[in-house]
Structure formats: C-alpha cells, structure tokens
Amino acid sequence: MIPAAFDYLAPTSVEEALAALAEGGEDTKVLGGGQSLLPILRMRLNAPERVVDLRRIDELRGIREEGDHLVIGAMTRYSDIVTSPVVRLHAALLAQAVEEVADPQIRHRGTIGGALVHADPAGDVGAPVLALEADLVIRGPGGEHTVPSNEFFVDLFETAVGEGELLTAVRIPKHTGWVSHYEKFVRVKHQWSIVAVAVALQVEAGTIAAARVGLTNMGSTPLRARAVETALQGRPASDVGDACERAAEGTNPPSDLNGDADYRRHLARVLTRRAVTTALGD
Amino acid sequence: MTAVDDHPALEIGKARRRKEDQRLLTGRTRWTDNIQLPGMLHLAMVRSPFAHARITSVDTSVATQAPGVIGVFTGSDLDGQGLIANAWPLNEEQKTPDHLPVAVDHVACAGEIVAVVAARSAAAARDAAELVDVDYEELPAVLDAREALTDAVLVHPELGTNRSAFWQLDSAEAGTGGDVEAAITTARAEGILIEREYRQQRLVPAFMEPRSTVVDPTGEQIVMWTATQIPHILRFLIAATTGISEAKVRVIAPDVGGGFGGKLQTTPEEFATLAVARRTGRPCKYTETRSETMVSCHHGRDQWQTLTLAATKDGTVTGLKVDLLADLGAYVAILGGGVPVLGAWMFNAIYKFPAYQFNCQTVLTNKTWVDAYRGAGRPEATYAIERLMDELAAEVGVDPLVIREKNWITHEEFPFTSVAGMTYDSGNYEAATARARELFGYDELRAEQRRRREGGDTVQLGIGVSTFTEMCGLAPSRILGALNYGAGGWEHASIRMLATGKVEVLSGATPHGQGHETAWSQIVADRLGVAFEDIEVLQGDTQIVSRGLDTYGSRSLVIGGEALVKAADRVIEKARHVAAHLLEASADDLRFSAGQFTVAGTDKGISIGDVANAAWRGHNLFDGAEPSLDSDATFDADTFSFPHGTHLCAMEVDTETGATRMRKYVAVDDIGTIINPLIVEGQEHGGILQGVAQALWEEAEFDDSGTLVTGSFVDYTLPTAADTINFVTDNTVTPATTNTLGTKGVGEAGCIASTPAVVNAVVDALRHLGINDIQMPLTPQRVWKAVQSAGTDPGGPSQEAQPHFAEGALNQDPSAGATDGAAQ
C-alpha cells in the first residue's frame, strides 16, 4: 500500500495553503484527517502531483461560539466534536451523528471539513449539517464566501468548494433546546451507513414547531427529507401520524452489496420514524 | 520392587498468561516484514485484472528502466520457479491443472501473478509495477460452480473439463451401515423426508498479518523466512518442485500473525520470491498489501450442499444422503478437494444414523483458489446436519433438543463406530447439553419467545441449537495414506536438558498465534518437574526443529503435545540411570516425582536438573553411559480425537428492518483435558465469533466479470469486538482415551459450532412466518425480504460495491455548478 510519489506541503496558514493550491493546479489534493484521501492514494485510485496537508494550520481547528452560531473549524476532528460541551448543548444532532462514525481510531483522525468536502453520501456528517441548516465557509483566491448547506453538496464526491478553494469552517445556527437523534443502520459497526436519518425537532407546548430531517445515503448527496418536515410541522409531539412514511419521497438511493434501492427506501421510512420517536423521548 | 513415578499436575490446568504475548502484542518481534538484510531487494507483483485470459505479450522495457529497478521477470524468465502442488489428489483420475507461481501464457483467475519487479525499495518496485505493459486476450470466464459443470466454458482448456474429481462414501458399500436409497424410499412413503439445498458461501481467511516472505540466497544454504503455518511442508515442496536439495533449504516461520488455514499453503508469492532471489543472487522481500491478500490468498468454504434426510414419523433418523458440489476456484490447492472430503466423516456428526451416503464433486471455476479455512470441511458438514436436525424437529413438532437426544450416541455407547466408519473414543453429549441448557436459561428464553410471538412483537426471538462434534488431531498417517494424501500426520519433539538446569523444548508444530510456548512449557514442566520459567520453546525453523508437520486441523496439542510427553519420558528414563549411579542405588528403586528422583525407603534424592548437569560434565557416569539426557520423539496417532459440545444461541430479529441482534450465546465444549483454560477461552471466543461472522456478515463476492467485489474491508464486512456480545463459555471434561494427556483439540471448535447455532436461531425466530431458510450471510436485506415474502425470496443483494472513493477524479469540480442538495 504505497502511494505514487507526490510533492508534500504542510503550510501553516490558510493564505499559504491557498497559494500552494493555486500554484499546484488541478493535480493537487487537500489532505485533512486523511481518512479518505490516504486509502485513495494507497490503493492508487488517484495519483495527485501535490498534496497540501492542512494539519499545521491552527486557525482551521477548534469550536467557538459566535452569537447565535457555533463555528467549527474545518480541521476539527470528530473526537473533538463528540466531546465538546457546546456542541452537545447547541447542536446535539451533530455530536450524536459524529459519535457513530466508524471507530475510535478514525474519529481521532478524521475531520469534519475533510468529510464534508469528500462528500461521500454514505458519510455521517452531511445529513446533520443539512438538518441543522449550517453554512459552509469557503475561502479562495477571491476571498471568503458562505454557502448554505442545501447548496453545498453538488453530486457524488462533488461540493461547492471550487478548485483552488478551501472549506474553512462550518457555521451552525444554535439549536439550543431542540430535541434530536441520528438513527444509523449498518451491518457492522465500523461500516459506512447503509441508510441513516438525522432528525432535529423544536417542540413548543407539545407541538412540533419546527422539524428538520436529513438523510444519509439515499442519493448521490446527503438529502433533506422536506416532505417529512412539512408533515411533522404543527403536529402534536404525542402523535406524529404517518408523517415519516414520506421519508423516501424523491430520493434515488443506490443498490449495492448492502441493499437495493427499494430496501433503502423502506429503511428510510422505518428509521425516520424511529429517529423522530427517539428524539421525542418516547 | 519397582517404584511408581507420578507427575502431579501443578501447571496443567492453570490459567497462565501467555509467555509470548508481550512481544506479539507490542509488535516488537520478528514478524517477517521486520526483517532487513544487507543489499535486500523489494518485490512487487504485477497481477492479472482478468479472471480468464491468454497473456499475449509482456513488455517490461519501460519498467526495467525505472529508477531503482534491478530487474523485471515474467514467468518465462524464471526457469525452475517450481510448482504450486496439490498434496491430496482425491483419486488417480483427478484433473489437476499445472499451477505455476508466475503465469507464463494463461491466467485462470484475477490476481494471478504475471510479472515480478525487483527494486531497491518497496516504493520503487510498486511504481515500476505500474509500468509493466501486459497484453491480454480476455477469454470467457465461468464463475458459478453449477454452470462450470456444463463445461460450456473451460477454466483450463487443456484438461477438457472443469470437473476435477468425484469422491464417494457409501455406508452399504463400506459395510458400515445400510442402503441410503432404501431409507429414502421408505421415508418418502411412510415417514418424513427433509430435502434442502444449503449454500456455504465463500469466505476470506482474514488473518491479521498479511503474508510476507524474505529469501536470502547468498549463503551455501538458501534461507526463507515466511509468514506460514507450514515451514516443514514448504521446505519439502520447494525441494520437490525446484530440484534444490532439501538439505540446502532452510525455512523459518518467525512469529506469524494468524492464519486460520489461510497460511496452510505453499504460495505463488513464496516461490516467486525464491525464484527472483536465486536469479538476482540477492536477498529479496515481498510483503503483500491487504488488497492483495483479499484476492490472492486462498479462500474458504464455497460449497453447494444438496441434502436428503430420511426419518420415521417420530423423528428417528433412518438415513442421510449428501451431494456436495465444491468450488475449488482456479486451481487445486495443497489440500484442495481434501477439504470438502473431510466432511465425509462429519455429516453424520453425533448421531446414530443407520444409512449414509456422501458424494462430493469438485469443480474448477475462474475465481480465487479455495482451500482450508478454520474447520476445513467440518464447519460445512456441521452446518448442514445441525440445520437439518432443526428442520426435522420442526417437522415432527418437538423441541430441537428433543430430536437430538432421540438420535445422538449416549455416553454409555462409547467407543462408538459411526455410519461413516469412524470410531469415536469418548464423549458425553448429555452432560454438555445439560450444562449449556442451565447456563443459557433455556426454558425462560423459550417462554419469552412465546410471549413475543403471541404478542406480535416487531422484534421476535429465536433459539438456535448446535450439538457438534469434529475430528481433530490431523491426522493418523495410515489413514492419510489410505486417502491418498502425500504426507504423514505425525509430529516431532525434542527436549534438551541444558547444563544450567534450563530446558529447551523443540516442537515441529509451528504456531501462528496459538500460544504454544506457554502450553508446551506447562506440559513439560509437569512431566519433568521443572519450573515453568525454566523452559524455553524453540520452533518454526527447519534448521532447529528438523522434523515437523506444522500446525492445522487442531493437531498441535493432540499430536505435538503427545510427542512432547514421549520425549520427556525418554529424558526421564535416561536420567534415571544416571541418577541411580550417583545415588548408588538400583534404577528400579528410584521413584520420580515432581522433578526429584528418590530412593525408596531413604532420604536420598537428586533433582533432574542436577542429573542433567552431571550428565553434561560427564565426570561421574556409569560405564558405557552417554553424557546426555537429550531426547527426541515422533508421535503418530492411531485415530483422530473427537471434541464435541453444545452451543445455544438466542437471536433477536427486527422484522421491520431485517436486522439481527445476538441476545445470548452459551458454549459448553468438551475438549478433553485442558492444559491452559485461558488459552482455551481465547480459542473459543475467537472461534465462535468467526463462525458467527459466516452466519451474519462475511462473503467473498465476485461480479459477472470475475472481479472480487468485496476486495477490501470496506465491503468485506469483518466484525470487530463492537459487533458482538460476551459469550458464555464453559467446559465439560471427558478425556480422550487415545493420548496420554487426554486432550482433544480446541482451535476450530467455536467456528464449527457457532454458524448453525446462529442461523437456527434466526430461522427459529421467524418460522411462524413460514420461513425455514435464509441464505448466509443473513444480511438484514435477506432477512427482511424473507419476512416480506414469507420465505420465498432469498433476497440476494446486488453484486456491486458502493463507491466510497472517487476513482481518478478530483472531488473539487467547479464546472458541475451548485444545485439544490435537497430531496424535494
């Protein structure tokens, strides 16, 4: 498992990293926690000429509060998210989802930014980022801009992060007091999700005031199950009816060794119901 | 008067922590890949991406010029590269294709080696391997064993057929039982006939240490270090197939990180490394990647089992007929067809069947070759019969334990000669079952099952039973001879009594993680009465242990342990005469106990260590005495050993998603005398999980072009500790009567017993829904589809893996533009 030779750069600032990307051109890959890129390189599925490693860039790491938002640096590791009290308090759904990623070794290495830009629809961070209506902060040669999560995922392994750009942070509106649950379905614990459902609900006086539902691995990108959200909104928390039956509407899930598309649609409905029920504390 | 020796069991039975674990677990040890030699070259293999192709040309010119490359070798460059041998032809008519380590003009499965690059670094070798330009003419491939039987596409055109061999055991013909067809006819007319087809899916022996080989050709003797279970057999086959004198080949298996049968092979990679080392005259190392392991290490299982069980209406079995179709893959491996044939004596298991017939057809396909994998033939047989006994119980309408008790051999009936002609020396199925039932809380779980069933719970509960036996201690040489196997089944040991009082123990049973150093020390400590800490075990090197037949088939303790006892007894006999001289007594008056020779009726005595020192000095020995106590012994068993046990498993099945969850697992194994309970527990837990993995998780799947789809641990779903529960293990002890220690073997027990226990439990949970089988592995989708269709849909998944890594594409593509990532 030896990658083809490449130039390795480890800049210490975002500016330096952007310069390294600009200079490297299209055969450049960005290395975050390495949990996807390293297997790609080692299996020689890709042979970039240059790898820009972000691990020395302190400004990309860490979790902070900015008014109504939590800001999580792109190079923040899963394990830091899982153990963060502010994430638990204001974006519990993200912590619940990240806790389910693979195994402890991977959670100690993998980063939220790396996973988002890799954009594997079976990865566990896309759906909660969608459900929490986060904004993704992108910097490039032309400066910084912010993309809402529902415009971030473009296609399989494709995001709104353009060539020569870096995802620098995830800005999550505080969902303080919301109830949430990430329901993940796998055959073995360390596997990618066969299907998973991220649910965040705001309950006011026994009524679901707001509902956000994200789906993992139900299409070529993480998805929002808006039909379920609409159906849940305004319903009593004690009786969500058949709202979750709409979880698979409009999805185009893959068929593979772990299950065919029909089975995944069925799972999406069952898991959404279970996620909602668990979130509501039933 | 002759004094009677005794050997108090001070060490045997003690849960000693393993001597070898510190170095094995920290990795600060001699794994083959850790070995560095001066001037050593590193090899990379160029492998066929096609399942079946003719090699029309191999252009090595660019690769040869790459930086650091010393040479690039094709099959035709490597004269005398040797052959990968089949040691167990089932009969003289067996079709056995030639298997060259490096293919010359034809490849019969993906992953075959077509060229070898030798370079100054592993990275340079890997880079240059991409520059070797091979032209293939792709040929049609046959991947399904049943299709291969038609011979429409030939795996090896020169053989004229894909059928390798047919082998039969018929109880009427052998005189060990009645006519199975008569039993079937009667059962069809007036009894119960259970007819089933079961699939034993293909598995990968996912050992922890990838295989690695280092060859040093620079001395008078060629030395090969390799991650193998079988250094002695490998040495013999190197000599036999390359023409190098056996005396000039030394094979060393340093610490080896697991095998599960997967390293019971002489591999193309070992022979290719040897050939390139000889060709370049320089030490060479090859270490495979995990992706290479998955496709090129031999696979296990892969059988289609057609089964007919005849019984009377009350559930007494009257006959069993087994038709096996065994997929060998592209070549007949070292044991090859012998693996499924080992099942011939095991389908009848612990039962008194009056009539039996076993038929096995082996067939070649364009897939990775198949050979031994933990249990080798016995798990497949055990799965079939234990599934059938549950089906019979369901048909009769009684508890599965009742149907077993009705048919099993009772403890008073031992020794018992089975319908397959095998004599079981000992056993007590009643005792193991009673203990398992008690530990399991059988009746309470049955009550809960009823409640859930009556209440229509989403999560149903099922109980699976597996009352297994196996034949261990492979194998008595005379039986192997009768079966046409190319070698014997004895084992060798030596004991060297050192001048300092320390003891060196040499064993030809080469470990790959079993804890031999600890167990052998315990056995010899008790036998010689020396301290556990004073014993060092030497093994795994054909130069140090010149004779040996290595480790597989739960043989190390049963055969190798007995060789140790015999060698130790010879040491004691030699020492007795020296001691008698020193104590001025008659040898007949000396009693040996706990390491001391004492003269009956006196207070005179001497320790065996002091005797060893006296023998080494040689100053004061009797006339004609040999100044050494060192002794050798080679032990060959008369028959196999027969561990058995009762495993009970409770599985919860989520009928809404098809997910299964283990609720409780109890294993009571009777493996005879236990040398080290901690080692036994480790073997049981690991083995059980490996068998559970076949039931629930693992399958090597190929796509329609013959590419292994489950080519990495992303898709080959190997379980970890996070996927399992704590198993409850216990033992009953019915010592074997066929060896001094009373041991039976434990390395494969868990893996043999657990697979049917799990599947029986899942089927039991769903039987009221009309389900009587689900194909392994029991993926949630298969279980769900079975529930949806009341058992008529086996629910096979698609043969594609989901991509998790973009191949050749950058994931930052601005031209694609942003679209709404939302569903609606």
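This is a predicted model: local features need pLDDT of at least 70, side-chain atom pairs count only at pLDDT 80 or more; totals for chains, interfaces and linings use all residues.

User: What makes A:Glu133 partly exposed?

Analyst: The label rests on a count of other C-beta atoms (placed from the backbone) within 10 Å of the residue's own: 20 or more is buried, 12 or fewer is exposed, and anything in between is partly exposed. A:Glu133 has 16 such atoms, and is therefore partly exposed. Its backbone also deserves a look, as phi of A:Glu133 is near 50°, a positive value in a residue other than glycine.

User: Is B:Phe260 buried or exposed, and how do you know?

Analyst: B:Phe260 has 28 other C-beta atoms within 10 Å, and is therefore buried. B:Phe260 is found in the loop between β11 (249-252) and α8 (268-280) of chain B, and although it is not a glycine, its phi is positive at about 55°.

User: Why is B:Pro677 called partly exposed?

Analyst: Because 14 other C-beta atoms lie within 10 Å of B:Pro677, it is partly exposed. B:Pro677 belongs to helix α19 (residues 677-696) of chain B, and its C-alpha atom is 5.1 Å from that of B:Ala15, although 662 residues separate the two along the chain.

User: Which residues of α16(B) and α17(B) make their contact, and what is the hand of the crossing?

Analyst: The axes, which are lines fitted to C-alpha atoms over the stretch in contact, with angles from 0 to 180 degrees between N-to-C directions, are 10 Å apart for α16(B) and α17(B), and the angle is about 35°. The crossing of the two helices is right-handed, the word used if the near helix is turned clockwise from the far one by less than a right angle, anticlockwise being left-handed. Contact requires C-beta atoms, placed from the backbone, within 7 Å, and the residues that make it include B:Trp520, B:Ile523 and B:Val524 of α16(B) together with B:Leu564, B:Val565 and B:Ala568 of α17(B). By class, this contact has ten nonpolar, three polar and one charged residues, where Ala, Val, Leu, Ile, Met, Phe, Trp, Tyr, Cys and Pro count as nonpolar, Asp, Glu, Lys and Arg as charged, and the others, Gly among them, as polar.

User: How many residues does the largest nonpolar core have, and which have the most contacts inside it?

Analyst: A nonpolar core is a set of buried Ala, Val, Leu, Ile, Met, Phe, Trp, Tyr and Cys residues joined through C-beta atoms within 7 Å. The largest one has 340 residues, and those with the most contacts inside it are B:Leu43, B:Val116, B:Val117, B:Val524 and B:Val762. α17(B) supplies the largest share of this core, 14 residues. Leaving aside residues up to four places away in sequence, B:Leu43 touches B:Val116, B:Val117, B:Ala118 and B:Tyr286, among others.

User: How many residues does each chain give to the contact between them?

Analyst: Chain A gives 57 residues and chain B gives 45. Among the elements of chain A that give two or more residues to the side touching chain B are α2 (37-42), α7 (112-118) and α11 (261-279). That side of chain A has 31 nonpolar, 13 polar and 13 charged residues.

User: Which domains does chain A have?

Analyst: The bounds, which come from an automatic or database domain assignment, divide chain A into domain 1 (7-51), domain 2 (62-172) and domain 3 (182-279). Taken over C-alpha atoms, the centres of domain 1 and domain 2 of chain A are 19 Å apart. Their contact takes twelve residues from domain 1 of chain A and 16 residues from domain 2 of chain A.

Conventions:
Residues are numbered from 1 along each chain as its sequence is written. Chains are lettered from A and ligands numbered from 1 in the order in which they are written. Two residues are in contact if their C-beta atoms, placed from the backbone, lie within 7 Å. Helices (H or I, at least four residues) and strands (E, at least two) are DSSP runs, numbered from the N terminus.
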